[in-house]
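Me: Can you walk me through the side-chain contacts in this one? I'd like to go pair by pair.

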Amino acid sequence: MESMLNKLKSTVTKVTADLTSSVMGNPVTREFEVGRHIASGGPGTCWRIYDGIKKSTKQEVAVFVFEKRMIDKYQKFEKDQIVDSLKRGVQQLTRLRHPRLLTVQHPLEESRDCLAFCTEPVFASLANVLGQCENLPYPLPSEIKDYKLYDVEMKYGLLQISEGLSFLHSGVKMVHGNLCPENIILNKSGSWKIMGFDFSISSTNPSDAEPKYTCKEWEPNLPPLCLPNPEYLAPEYILSVSCDSASDMYSLGVVMHAIFNEGKPVFKVNKHDIFKSFSRQLDQLTTMNPALLNKIPEEVRAHAKMLLSVTPNVRPDADQMTKIPFFDDVGATTLQYFDSLFQRDNLQKSQFYKGLPKVLPKLPKRVVIYRVLPALTSEFVNPDMVPFVLPNVLLIAEECTKEEYVRLVLPDLTPVFKQQEPVQILLIFLQKMDLLLTKTPADDIKNSVLPMVYRALEAPSVQIQELCLNIIPTFANLIDYPSMKNALIPRVKSACLKTSSLAVRVNSLVCLGKILEYLDKWFVIDEILPFLQQIPSREPAVLMGILGIYKCTFSHKKLGIPKEHLATKILPHLVSLSIDNNLNLNQFNSFMVVIRDMLSRMETEHKTKLEQLHLMQEQHKTINISNPGNQSEEVKNSSGNQIDDIFGSTGVNGKENGSASTSSQPNRMSLTLEEKQRLAKEQEQAAKLRSQQPLAPQAIKSASTTNTKTKDLTSSLLNNMTSLNSLALANSPRPAPVQGSTISAFPSPNPVMGPMGVQVSNGFNQPMGFQTGVMGMGMRPSGPSLYSGMATTTSTPNFGALNQGTNKAPDMSALDSLFTPSQPKVVLNQMGPKATPGTNTPWLNQFGSAQNTQTQIGMGSMPSGFGVQANPFFSPQNFSQPAAASSLNQSGIKHSASTNNDLKDLFG
């Protein structure tokens, strides 16, 4: 690897050194920058060809350099002869101007080390293409090594050489004298050009009709560069020292043979015995073997044989050769027409360009790119011809690689992007927009291509706007998202709102509907859907376009519309549009189908969400049962059950007729972020509650250890009554719920004692049990009780029974014995409420009348202990039972002898 790099380095260094030493002192370098060595040509391929650029105009050129050190082996007078011959040839070429002759851009300049002149850009000589590698760079350029001539190139090349000879013979009255592959140059576009006029012979009587040419005798002792190539010379040049225009035609026949035979001439010539070789060649030409021309195409084989005839008069002249059927090929004719375009008017050009798309596929790609394309792009300076030329240029661009497109096509297209007249230019570009967006670099798309689309959307012509809107969906996937979001969509919306053309408005909506799939969901929801409500017109086509966008967004898997937008924005708008008087029956039915689909999905999604929330509530209810100390969760559950009881059979939790519905498992559906956050917090709180130690109830003190100090029961009773009264007044009257179940809680196994070691009673009902750890009040020892339940933290004692029956004052004489002697004795009957017959106490009226006692809900079959007492405000039984039971007296307290006994047991 290292040796290869060293070899490459030495080669580059050697070439650079040679170039510096040979060219840098030449005056040509003052105006031209000399580049790399690309080819060789001229007599004996002695001229090295470099690519170059003119410094002032940056125009591409070819620099021909002859290094004098190549002839150091000759004597001085021989060197002078060689230099004079080369200078004469270049000077003659500089004076001649014709499309078939190599064009000189800068005349010959001589320095101490070299000769140099500049021409039009050159690819290589025909000799290089046919495999002659003398004086070529090393390593051999791949573009020359792999170059193969196509049939159309051979045909048209020979036609071009024939036209060049026709110009020399008929126009200039000159014989080239050394026509051979070394003196045929292929320029950058593939045209064949003639050079090497070192041995040209001008007519001695140019004004006469029959020119006469004077030929020099062959001098074998001269250096080879001072003599023409003998393998391409006519026999009469050597044998009879005569020549005319037919001599060049013989040379053309040999060139034709070489082209179809890999660069080999008809005969090999011994340069040391030239006369003997030509004598033998003359005999062979007289009796020509047909196999000699086997590789030449059959349609031109007869003409080639005539060109190689030993008799000059038999050879066709140059003008006759240009008219043979061999050159009537469609490809050759097309290329010939391009070379004569400057002679045609616009009408002839337009007719030719219209038929060109049918011919281009028949031509080789290299010919199209390097030969046809430059001729087409040169017409861009004529605005009237651009609509005819542009389709052909874009057709060629489709066959180019991206690199070729950027290098060869895009620089000429960029100025055309900005042309607004004639209008057909914009239409053609819009039709080929997918090609432009695919092969044009991103920066050029942003700076040149998309601005053209924007101009089309804002054009005053309705036709252009319609075409642009119809074409945009075909290349929408090739537009980058920021350009579509910030530039294209706003212009489409503006065109829809500002236009007075119904067709443009409808096409705008259709365009938006087709490119929805390339947009972001929230961009559509925030920008596209609100825009639909701004459209002022109510034509049926517009309404159906609006419906189509709603339907596409609603049904698209990537997009979709959230149920909140459906409920608050979309459906109200659609419903209002659906009853427009301009709609027919089918259009109205289309609206209703979409509306029903939206309603159905909205119902399904929301119902699924509620079912999931209900499922989570049930799960949390189970968690809360296992954590009886969680007061806040019990309140939530109690509230939920209250709402269920209020709404009865159609409760929000899915209960029917007081019993839970046996609905199937709700559909799985993703929750919102807020619901997930709330669920996470609830799970975290439940985990904390599970990790806490359960609160143990206080132990019951025996009756023997009861404090001897008697409690002031009257003050305690009044305080309790006052607090309960305020609690009842704070709760506003609630509607009577449908009968349902009550809320249960786990009972405590042991009663809890009051602060003085006695059990607490409210004075109206049997001793009440409050949840352990919440109120700190004791429970009655085991025994039968009216309420076999326990109140929740939000429960209030049932006062509904107090206004049942008669209004007789309660008998409280049994409590008189509780007062100590040191205190004045007050009869409890004096403290009780004085009931007026026929009237109810105001603080009792708010709970309604004719309420029954609580239904006893036992815990299993236990005769004593703790049950569950429901909240009287939430229990449907407290609001829906019939008249009071007869077992209650006027004050709502059951007549039983056990009351006094219980008090005696309680206070000793």
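This is a predicted model: local features need pLDDT of at least 70, side-chain atom pairs count only at pLDDT 80 or more; totals for chains, interfaces and linings use all residues.

Me: OK, how many aromatic pairs does a search of the whole structure find?
Reply: Nine. Rings of Phe, Tyr and Trp (its six-membered ring) pair if their centres lie within 6.5 Å; planes under 30 degrees apart count as stacked, over 60 as edge-to-face and the rest as tilted. Phe64 and Phe117 are a stacked pair, with 5.0 Å centre to centre and 15° between the planes.

Me: Where do Phe64 and Phe117 sit in the chain?
Reply: Phe64 is in strand β3 (residues 60–67) and Phe117 in strand β5 (residues 114–119), 53 residues apart. Helices (H or I, at least four residues) and strands (E, at least two) are DSSP runs, numbered from the N terminus.

Me: Is Phe64 buried or exposed?
Reply: Phe64 is buried, and Phe117 is too. Buried means under 20% relative accessible area, exposed over 50%, partly exposed in between (1.4 Å probe, protein chains only).

Me: Switching to charges: how many salt bridges does the search find?
Reply: There are 28 salt bridges, each a side-chain nitrogen of Lys or Arg within 4 Å of a carboxyl oxygen of Asp or Glu. In one of them, Glu153 meets Arg366, with the closest N and O atoms 2.3 Å apart.

Me: Why does the pair of Glu153 and Arg366 tie together parts apart in sequence?
Reply: Because Glu153 lies in helix α5 (residues 151–172) and Arg366 in helix α13 (residues 365–377), the pair ties together parts that are 213 residues apart in sequence. Glu153 is buried, at 11% relative accessible area.

Me: Which ring does Arg366 lie over?
Reply: Arg366 lies over the face of Tyr147, 3.8 Å from the ring centre. A charge sits over a ring if NZ of Lys or CZ of Arg is within 6 Å of the ring centre and within 35 degrees of the ring normal.

Me: And which residues are linked in a network of salt bridges?
Reply: Arg100, Glu163, Asp339 and Arg371 are linked that way.

Conventions: Residues are numbered from 1 along each chain as its sequence is written. Side-chain values use heavy atoms; hydrogens and water are left out.
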